[in-house]
Amino acid sequence: MKTEILKALKNSDTYLSGEQLSQKFGVSRTAIWKYIKQLREEGYEIESVTRRGYRLLQTADRITASEILSRNQASWVGKSIEYFEVTDSTNQRIYDFAEKGREEGLLAVAEEQTGGKGRRGRSWVSPPGTGIWMSLLLRPKVEPQKASMVTIVAALAMTKAMEKITGMEIRIKWPNDVVLNGKKVCGILTEMSAELEEIHYIIVGIGINANTESFPEDIQDRATSIYLESGKKVERAAFIAEFCVQFEQYYERFLEMGNLAFLKEEYESYLINIGREVKIIKKKEERVRKALGINELGELIVAKSDGTTEIIFSGEVSVRGLYGYV
Ligand code: ATP
């Protein structure tokens, strides 16, 4: 209801009276007033003028549940949302929700993360107000070995969403980085709770540098934002909604097919290192190989200098360009 009222206010350039709203939504004027109060508490500036009604003054770039829900056309991904002004990590929030039995498709979104996570214990810089820090809860009925495929699905869905929202050329650095002009604009961290043969749930954590204006020195050489590259701010809620739609499509297809053969070609068309030599880094050990593409499990196929091929699993390695991040 709150979302519906927000939508009505957004779509109106004049005042909407309490009476009009209460008739439109079939609830009392007091109820309308309560929803308006809640929206104000979420940060919306809603003017109210006696005998005229309510008017939305500014639409700040907010990523509250109402903002995202009012745009999200997906059928189940991100249709229930938990919003946090500040939290340690949205993956951690989803973990807690998952343990309490919350539903698949639940999305946790935060304006700021104080303990954003990367792979293998690394951290993810998540300052307030400009980025998109979110995590999605999934409960796929597939074998645990297939969990890493969800990262590939998410990376492709994110790339498509970003391409659509920005009109820019987006690339993927296998397996989980989304790259804009040679730098990392989005990272994906998939975590899982499973037994030997059964997945309890998967958490897909996503960090997007949407409107970030600067980065700490130690990651400046490899991190960028959509704003820094395009000079334009993106509407974050619309972006999240677009991702939900894209992800739902690819993920449902993945569940149907049971592997990634259906997206291999498309994923490879975005793969930044394809056909080039890359460094495969595992702990302190480095190997140089030519990246050929992915297989239907989402693993990276590389060639040695003698032409023989090898399969690289995503869990343990980092892939880098020979002379820098890509
Ligand atoms: P690799 O390229 O080594 O495989 P990765 O993709 O696995 O790395 P993640 O674990 O996904 O990396 O992300 C953590 C790393 O990303 C950090 O170690 C840091 O270098 C970098 N990083 C941290 N915060 C951000 C950010 N907001 N934007 C871009 N890069 C970041």
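Biologist: Which residue classes make up the lining of the second largest pocket?

Modeller: There are 11 nonpolar, eight polar and five charged residues in that lining. Nonpolar here is Ala, Val, Leu, Ile, Met, Phe, Trp, Tyr, Cys and Pro, charged is Asp, Glu, Lys and Arg, and the rest, including Gly, are polar. Keep in mind that this is a predicted model, where local features need pLDDT of at least 70, side-chain atom pairs need 80 or more, and totals for chains, interfaces and linings use all residues. Numbering starts from 1 along each chain as its sequence is written, and side-chain values use heavy atoms, without hydrogens or water.

Biologist: What counts as a pocket?

Modeller: On a 1 Å grid over the protein atoms alone, a pocket is an open set of points where a 1.4 Å probe fits, with protein on both sides within 12 Å along at least five of seven lines; lining residues have an atom within 4 Å of a point.

Biologist: Which residues lie nearest the centre of the second largest pocket?

Modeller: Ala147, Ser148, Thr151, Ser314 and Gly315, out of 24 lining residues. Helix H6 (147–166) and strand E8 each supply at least two residues of that lining; helices (H or I, at least four residues) and strands (E, at least two) are DSSP runs, numbered from the N terminus.

Biologist: Which element gives the largest share of its lining?

Modeller: E8, with four residues. The lining has 37 residues, and Gly118, Arg119, Ser123, Trp124 and Lys184 lie nearest the centre.

Biologist: And where does it lie relative to the domains?

Modeller: Domain 2 (65–269) and domain 3 (271–321) both contribute lining residues, so the largest pocket lies between them. The domain bounds come from an automatic or database assignment.

Biologist: Switching topic: what is the strand order in the open sheet?

Modeller: E3-E4-E5-E9-E8-E7-E6, seven strands with mixed pairing. Two strands pair if DSSP finds at least two bridges between them.

Biologist: Which strands stand at the edges?

Modeller: E3 (80–87) and E6 (170–173); each has a single partner strand, so one side of each has no neighbour in the sheet.

Biologist: Do E5 and E9 run parallel or antiparallel?

Modeller: Antiparallel, with seven bridges joining them. As one example, Leu137 has Ile203 in E9 as its bridge partner.
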